[in-house]
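This briefing concerns metal sites in a protein. Please look at the sequence and the structure below before reading on.

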Amino acid sequence: MMKRIGYLLAIGLACVHLLAPLPVGATSAVGSPATPAATLVAESKDFATQVLRDPWDMNSFSDISLYLNRSGQAYDTQNIDVSNGVFSAQSTNTADTNFSVLFPGYEDTIKTGKQGALFPIDAATYRCLYVAMQVEGSGSQAQAIWYEDDRLNNATFGASQGQFTADSRWIVYYWDLTQAPLYGTSWASRPAWQGLRIDPSNQANRHYAVDWVRLTNCAAVNHTVTWSPNAGVNAIWVRPSGTTRDILAKVGVSGSAGSTQFDVQGLQPGTYTVRLGTTTSCCSLNASNGDLIINQAPTVEFITPSFISGADYATQSGNRWDFADAADMATGINFSGGIGGGLLDTVTQPGPLPAGYDAQVWLNSPTDISGSQYRYLVFRMYAEWPYPWSNVTDGMVARWIWSVPGVSGQPTHRCYLVSHDIPFDIGWQTYVVDLHDAFNSRPEDSSVIDCPGQLPTWANSGPIKDLRFDLNENVTGITDPITDGGPFHQQLDWFRLTAPDRVQRGAPYQVQIELNRPSGDVSSISYYYTTNRSNPTQSAAQRWTPPAAPGNRRIFVPLLANGVGAFGGTDTLPQSDLTFWWNTGGVSPNTYYICAVVSISPNTVTYCSAAPIVVY
Ligand SMILES: [Ca+2]
Ligand SMILES: [Ca+2]
Ligand SMILES: [Ca+2]
Ligand SMILES: [Ca+2]
């Protein structure tokens, strides 16, 4: 069972006006018959894009899902929806609605996914926060809160000044996070923060909607906007293409000047119509220099090397855990459902204290396993229950259980070792557990009999005999403080248990990457290898070219990647958009990360693989 996690928060009371009231200007007729060409400008450097590789664009529920309603422990937020690139919700009578764009993770649990413990914010680099948002009603304030780590309010944290929101107008709200906080510790006082939470309103029962959140490096991205001089306008509004949403993006504009520098670092990528109006109403004039396109910077996910590209135990032992055949699960108990359509489909009812019905999936493990060899546990899982938020405290935790021969020496006796909690979120997610991490490797518990006094870690366990995955500890029907609880529906697409990827020096290695944009948009890309991801361009990776074959023959090079990328079967896996054959001939044996410097003009961004590759 999870510990309950306390979390207090009262929103600030200081009054910071974003917008001084200004007289409403006279309007004039919109329109110039000729349509000028759109202007393309670079996307600003944004934490979520460049570090998480998943912008807070509200295109998926996972942009805001972690710790919603304090993971089911406090009913602060209702009518939750993410659709058409917008997150919308409503505060409840607690008047403390909030969402986390970066959540550190849960105390005393395994950290996975896009949790802030694995992706802390570099506070010196990222410090300008932009939230494109509308909040219902007047007299309501918004605020940002940052956390040192998974202890949340029990460790160092800080809260920005409150900012009055403007009666259902869409506005790009801005916080300079280096400004003095309303309370707590200043942003600049620590090198890194693992949590960032937004409180859209400190009032009860207010609707709000969020188009995006950006956390930038504060470097201006200037775009000159021109218009027919008009003393009646004083603000720039932008309308995202395909919407009817006009968003106030710059105030204090001199309408009679007819032109201004517009810093667009707070806008998410996309095409915008730029218009002029007042702070309270859009719009009487079109910009005369046309639409604005914020270029979408490239993001790169490495498929090879990755945590699933190394040798996979189940594949090596003859039958991949893809749930394409019933043999992948040796036994399954305490849940309903089964294997079909390439998935293991399960429903677990809420059960008795302390840990529910103890739903267990025993994976097929025909041969002994070496914990020192197999390091990464990776699985793709869907989860849902009757509510849109997760509830980790009341049982949305899985566990990994392994057995070793019992100390009694009887051939069938086993010592069972139980991992720490693996919290899970709702929706489809891919979870990576580094079983050689000191915390993740250490069992939290074991069977009562047949275990040694000093429990082995995963990394020094062997031979491992059995593998069991406990789906959840659903006790929501008994202990959920804000709902009546309900069954957990979970689907498993695949498991991998892999060794770090390896290549013999001199053999070509195929680097595969997945991009957020069509590969044809890439204007240049170069590859590197490094022992230190802080120094991504440490060594240029040489391209491998096949030796010239005699006559007209060509050498066929087999795919070295182990079951990753485009291949048949019933698993959903990332698909390769670009490949690079790396010539490892001149590379000293060591453990490296592969990095890529990718340009989609006018943006150039550098990414490194999350997983290493061993050259031996
Ligand atoms: Ca996103
Ligand atoms: Ca959006
Ligand atoms: Ca299989
Ligand atoms: Ca599958």
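Gly-85 is buried (under 20% relative accessible area, with a 1.4 Å probe and protein chains only; exposed is over 50%, and partly exposed lies in between), its relative accessible area being 11%. This is a predicted model in which local features need pLDDT of at least 70 and side-chain atom pairs count only at pLDDT 80 or more, while totals for chains, interfaces and linings use all residues. Residues are numbered from 1 along each chain as its sequence is written, chains are lettered from A and ligands numbered from 1 in the order in which they are written, and side-chain values use heavy atoms, leaving out hydrogens and water.

**Calcium ion (ligand 2)**

- Asp-57 (O), Gly-85 (O), Asp-211 (O) and Asp-211 (OD) coordinate the calcium ion (ligand 2) at 2.3 to 2.4 Å; donors are N, O and S atoms within 2.8 Å of the metal (3.2 Å for Na, K and Ca), and water is not among the atoms, so sites may look incomplete.
- Along the chain, the donors of this ion follow the spacing D-x27-G-x125-D.
- Gly-85 lies in the loop between β2 (77-83) and β3 (86-91), and Asp-211 in strand β14 (residues 207-216), so the pair ties together parts that are 126 residues apart in sequence; strands are DSSP runs (E, at least two residues), numbered from the N terminus.
- Asp-211 is buried, with a relative accessible area of 2%.

**Calcium ion (ligand 3)**

- The calcium ion (ligand 3) is coordinated at 2.2 to 2.5 Å by Asn-319 (OD1), Arg-320 (O), Asp-322 (OD), Asp-325 (OD), Asp-328 (OD) and Asp-328 (OD).
- Its donors follow the spacing N-R-x1-D-x2-D-x2-D along the chain.
- Asp-325 is partly exposed, at 25% relative accessible area, whereas Asp-328 is buried, at 0%.

Definitions and conventions. Helix = DSSP H or I, 4+ residues; strand = E, 2+ residues; numbered from the N terminus.
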